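Visitor: Please walk me through how a few features of a model are read. I would like the general idea before each case.

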Amino acid sequence: MARHDPKLDPATGEATLERTLGALANCWGRENGHLSIDGQPLSARLPQTPAYLYSRRCLDAAVASLRSALPGSIGIHYAIKANPFPPLVRHLAALVDGFDCASLDEMRLAREVAGPEQKLSIAGPAKSRAEHRYAIEAGITINAESVGELERIMVAARSTGRRARVALRVNPPFALKGSGMHMGGGARPFGIDSEVIPSLLEQRETLAEGGIDLVGLHLFAGSQSLDAEAIAATLGAWTDLLREWQQTTGFTPAELIIGPGLGVAYHPGDRPLDLAILAPAFARLDEELAALGESGGRRIDTRLELGRFLVAGAGIYLTRVVDRKISRGTTYLVCDGGMHHHLALSGNLGAVLRRNWPLVAVDRLDDPMSETVDIAGPLCTPLDVLGKNQPLPPLAPGDWLGVLQSGAYGASASPSGFLSREPATEYLI
Ligand SMILES: Cc1ncc(COP(=O)(O)O)c(C=O)c1O
């Protein structure tokens, strides 16, 4: 039997796990059947489970691969919400050009780690008065999500005696196709409907009198798309809208933040995003924005805003088998980690149907996967699932499991208070 059964991936006939492990070779080692760091088995190096382990080398590789597909004039903003672990954000500060924040604490963290050249922005509905005031005082661009928020920003600007840098977040007339999480194309709590944008752009002098410098636009249509053609089409649709608005209102943004929705291959059957298809689309975006900037008499400072693509592959969630039991013919591995640390793994973070993740026996990478098991966490709920019909070598209590592709929307996106269990420890190596 092969070390990892190629039938793992029924949709494509490819071995997703092998492919992911191959990519991991840049981040962690694989020696004598162990997932390893600097020649030592990872399970011997880490003091405990449950834990998240993030690799600096893998973060470097993810940013480098995106840079290689991007024209030099388009910057990269890391969306801290994907993983706010401070050492990881600090590491990324040296690699990216700015940060997207979603709260007061994220703004504080970004300011602490950002260099003087880095730009910061804050997005999200229901921003508090404290968040508006903090952003205004720190010169952070506020992505306004509604007309009501523009009014609240004016109040905050008056009370601080400072001008607010504001970008209008656009709720587009389209959704990013193939996107796991649609955030445009219909009625949404996020952003201002695109049909309302021209009238606001025409009122920019009135906004300026109220203390708002309308510096740009924030364009985000969805998340987790593996369809490079669809992402390219969305970038084209954005530039069409910008051209139309420039013609009708004379507005050319000084700052443009675009969420491209670059996705991550998490499940059997997922094909990794093809950056070779996206590179010409980014080049076209750059050319079209340069032309728009030229006719508007200013350079458009463009940034891609993204999270998971940069950090998901850099993280492994590690858990240990506590019990092995058979219930009416099904073999269960019951582990010390679960949905309170990794909600997405359990299928409860926006998935319509739960699918398996790339999961490895950390110290038995070379053993044949001779059995199929269900894997459960420690919580007293049937929702606490780590794997179903998951091919693995036979494992016993004490053995370690690693869930690959776990660097994004993990610890901070999970209900860690549920059942009052210990949080997962996080490490950056
Ligand atoms: C405004 C905004 N920017 C960026 C992101 C990051 O998306 P992703 O991690 O899929 O790149 C999100 C995710 O929901 C978002 O809402």
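Guide: Two strands pair if DSSP finds at least two bridges between them. Helices (H or I, at least four residues) and strands (E, at least two) are DSSP runs, numbered from the N terminus. This is a predicted model, in which local features need pLDDT of at least 70, side-chain atom pairs count only at pLDDT 80 or more, and totals for chains, interfaces and linings use all residues. Residues are numbered from 1 along each chain as its sequence is written, and side-chain values use heavy atoms, with hydrogens and water left out.

Visitor: What is the order of the open sheet of 3 strands?

Guide: The order is E1-E2-E3, with antiparallel pairing. Strands E1 (29-31) and E3 (40-41) are the edges, each pairing on one side only. Strand E2 (residues 34-37) pairs with E3 over 2 bridges; isoleucine 37 has glutamine 40 of E3 as its bridge partner.

Visitor: How is helix packing described?

Guide: Two packed helices are described by the angle between their axes and the distance between the axes. Axes are lines fitted to C-alpha atoms, for helices over the stretch in contact, and angles run from 0 to 180 degrees between N-to-C directions. Here the axes of H6 (residues 129-138) and H7 (residues 147-160) come within 9 Å and cross at roughly 60°. H6 and H7 are therefore oblique to each other (under 35 degrees is roughly parallel, over 145 roughly antiparallel, 65 to 115 roughly perpendicular, the rest oblique).

Visitor: Which residues of H6 make the contact?

Guide: His132, Arg133, Ile136 and Glu137 of H6 do, where contact means heavy atoms within 4.5 Å.
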